[in-house]
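The following note sets out comments on the structure shown below. The points are numbered so that each may be checked separately.

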Amino acid sequence: MDYKMFRTINQLAGRYSAIDMLMILISKKVRYVFMFVLIFMWFRNYSQKKVTIYAVTSSAFTLFINTLIKCFYFKPRPFIKRRVGILIPSKMDSSFLSKHTLLTFAVSTSIFLHERVIGSVMWGLALLTGFSKIWVGHHYPSDIIRSAFIGSVTSITIDKTARFFNSFIRL
């Protein structure tokens, strides 16, 4: 079923050059939008500075989780096992987890928990990032869904932990 969903999305790659270019742009460059938003939030006010710290901490933890998982589990990328449409070159490492999706969901969830409007836009960009990774042929849908889940849960856990310690310190 995972491969069928992958093929349904990936078979559209190469048919529409404008969408292909958009998916490549999102897949390769959207991380800079996330960095820009975090830098912008850092310089706005104290509460948004805290959100930036939570987002960066969540990103660090998701990268740590990603490193741990990749040490013990390898899942071949779709283009390694099958003939699929691949729009841009990719590393030959494990398909599970998608690092870009992990990071974009970690950051967008951290922002969403404190700033609903900006967070919603960032969540939309994170969804597009995951979708683009399937479109360009780098990841299976299950890799994207699991990466989104892990990135989001990590951010929620970091936020809850920080709130607990902040309330504990105030006592």
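1. Met 92 lies in the loop that links helix H4 (78-81) to H5, helices being DSSP runs of H or I with at least four residues, numbered from the N terminus. With a relative accessibility of 54%, Met 92 counts as exposed; buried means under 20% relative accessible area, exposed over 50%, and partly exposed in between, with a 1.4 Å probe and protein chains only. Leaving aside residues up to four places away in sequence, Met 92 touches Phe 74, Phe 79 and Ile 80, where contact means heavy atoms within 4.5 Å. His 138 is 46 residues from Met 92 in sequence, and their C-alpha atoms are 9.5 Å apart in space.

2. On provenance, this is a predicted model, in which local features need pLDDT of at least 70, side-chain atom pairs count only at pLDDT 80 or more, and totals for chains, interfaces and linings use all residues. Residues are numbered from 1 along each chain as its sequence is written, and side-chain values use heavy atoms, with hydrogens and water left out.

3. Helix H2 covers residues 17-42, and the 37 Å between its end C-alpha atoms agrees with the 38 Å that its 26 residues should span at 1.5 Å a residue; the expected span is 1.5 Å times one less than the number of residues.

4. Which residues of H2 are buried? They are Asp 20, Met 23, Ile 26, Ser 27, Val 30, Phe 34, Val 37, Leu 38 and Met 41. Their cover includes helix H3 (46-72), helix H5 (99-112) and helix H6 (116-135).

5. The axes of H2 and H3 come within 7 Å and cross at roughly 140°; axes are lines fitted to C-alpha atoms, for helices over the stretch in contact, with angles from 0 to 180 degrees between N-to-C directions. H2 contributes Leu 38, Met 41 and Trp 42 to this contact, while the residues from H3 include Val 51, Ile 53 and Val 56.

6. The largest nonpolar core has 14 residues, and those with the most contacts inside it are Phe 34, Val 37, Leu 38, Met 41, Val 107, Ile 111 and Met 122. Such a core is a set of buried Ala, Val, Leu, Ile, Met, Phe, Trp, Tyr and Cys residues joined through side-chain atoms within 4.5 Å. H2, H3, H5 and H6 each supply at least two of its residues, and the largest share, six residues, comes from H2. A second, separate core of twelve residues includes Met 23, Ile 88, Ile 134 and Trp 135.

7. H5 is largely enclosed by the rest of the structure, because ten of its 14 residues are buried. One of these is Thr 101, at a relative accessible area of 0%. Beyond residues up to four places away in sequence, Thr 101 touches Gly 130, Lys 133, Ile 144, Ser 147 and Ala 148.

8. In helix H3, Ser 59 counts as buried at 13% relative accessibility. Ser 59 touches Leu 103, Ala 106 and Val 107, again not counting residues up to four places away in sequence.
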